[in-house]
Amino acid sequence: MDKQTVILTLEELGFALTALGAEDMASGLLQSYYGELTEDRWELLFHAATHSLISKGLMEQRDDEQQQLEFDAFIVEMLAHLVQSRQMLRGYKEQQDKQNTLTIHHGNERFLYHFSSHNELHFFRWSSPEDWHHDIDQLFDLLASNFNPHSRYIDLTEEQWNELTSSNFSMQQMTTWKLHESAQQMIQDWREDFDRNQCSLDNLSQMIYADTDEDGPSVTNLLFVLKGTNDVWIVRNTELDMQATPCLRIESVTEADWRERITYFIQAFVRDEAVFRG
């Protein structure tokens with residue numbers, strides 16, 4: 001499979017999507033970064049993007065008189081896949097006031113890798129499941145040395161979770177939770193890492209767009225991730241019944257635990273084991 005990477009600025013991506021008929025997606029991307037733009041401002045952005053795409057060889061002007069523009073077939077195929085994809089594996093990480101997003105788009109038995117850095121630069125390449133452990137580790141900035149050699153976990157009710165993640169949480173609140181000393185220490189370690197991460201959690205999710213989804217995609221799988229000082233933490237709902245009250249498990253995972261959890265995510269996303277095995 002061709003692993004050539006195409007790098008587009010936000011403006012180039014917005015122009016290309018607009019030119020290919022995906023105006024709503026282009027508008028959403030640009031307005032999330034720039035806010036409301038005047039028509040003159042749109043024209044300036046797209047004029048610069050046109051010249052930039054031509055200079056990169058991703059587009060050419062076919063007719064000087066009619067100013068007809070033609071995109072390279074490679075980028076057209078990628079962006080068509082982006083627009084038409086209804087299933088996604090998505091990772092999100094905040095890092096130094098920037099938001100990094102990894103999205104794997106699934107459609108027509110192909111997978112498109114899309115990495116966005118603060119919505120300013122967008123990286124695209126055709127991908128396959130054997131790439132994704134590395135891609136996900138890279139997104140969350142995880143190395144083998146970040147994992148604790150021993151796993152530990154605690155299950156919390158939704159009410160306890162809300163208390164733990166509130167801005168005014170104190171360890172004294174745990175007195176009513178009736179936890180063992182080791183569990184209390186684990187909660188303290190997690191909360192200290194949570195505070196160091198500006199009370200923010202990264203996440204990995206699986207999303208599906210249905211024709212009836214007017215409010216965005218449905219999230220069918222969700223994992224919160226927190227890279228700590230001495231632990232890699234994950235938070236997940238262990239209650240299989242989505243209509244039941246959540247049981248939220250905080251885990252400090254070993255590297256082997258992490259590999260197993262990510263493999264589960266990938267298999268749930270791909271489903272076709274023949275594709276998964278490559």
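Helices here are DSSP runs of H or I with at least four residues, numbered from the N terminus. The expected span of a helix is 1.5 Å times one less than its number of residues. Helix α2 (residues 23-34) has 12 residues. From its first C-alpha to its last, α2 reaches 16 Å, close to the 16 Å expected at 1.5 Å a residue. G35 follows α2, and its phi is positive, near 80°.

This is a predicted model: local features need pLDDT of at least 70, side-chain atom pairs count only at pLDDT 80 or more, and totals for chains, interfaces and linings use all residues. Residues are numbered from 1 along each chain as its sequence is written, and side-chain values use heavy atoms, with hydrogens and water left out.

Turn now to α1 and α3. The axes of helix α1 (residues 10-19) and helix α3 (residues 39-55) come within 8 Å and cross at roughly 95°. Axes are lines fitted to C-alpha atoms over the stretch in contact, and angles run from 0 to 180 degrees between N-to-C directions. α1 and α3 are therefore roughly perpendicular to each other (65 to 115 degrees; under 35 is roughly parallel, over 145 roughly antiparallel, the rest oblique). On the α1 side, the contact (heavy atoms within 4.5 Å) is made by E11, E12, G14, F15 and T18. L45, F46, A49, T50, S52 and L53 make it from α3. The residues of this contact divide into five nonpolar, four polar and two charged. Ala, Val, Leu, Ile, Met, Phe, Trp, Tyr, Cys and Pro count as nonpolar, Asp, Glu, Lys and Arg as charged, and the others, Gly among them, as polar.

Next, the aromatic rings. Rings of Phe, Tyr and Trp (its six-membered ring) pair if their centres lie within 6.5 Å; planes under 30 degrees apart count as stacked, over 60 as edge-to-face and the rest as tilted. The whole structure holds 13 aromatic pairs. In one of them, W132 and F269 have ring centres 5.8 Å apart and planes at 55°, so the pair is tilted. W132 lies in helix α5 (residues 132-140) and F269 in helix α8 (residues 255-270), so the pair ties together parts 137 residues apart in sequence. W132 and F269 are buried (under 20% relative accessible area; exposed is over 50%, partly exposed in between, with a 1.4 Å probe and protein chains only).

F169 and W177 also form a tilted pair, because their ring centres are 6.2 Å apart and their planes at 35°. F169 is buried at 12% relative accessible area. W177 counts as buried at 8%. Elsewhere, ring pairs link F15, W42, F46 and F71 into a cluster.

H134 is in helix α5. H134 is exposed, with a relative accessible area of 53%. Its C-alpha lies 25 Å from that of W190, 56 residues apart along the chain.

Methods
Helices (H or I, at least four residues) and strands (E, at least two) are DSSP runs, numbered from the N terminus.
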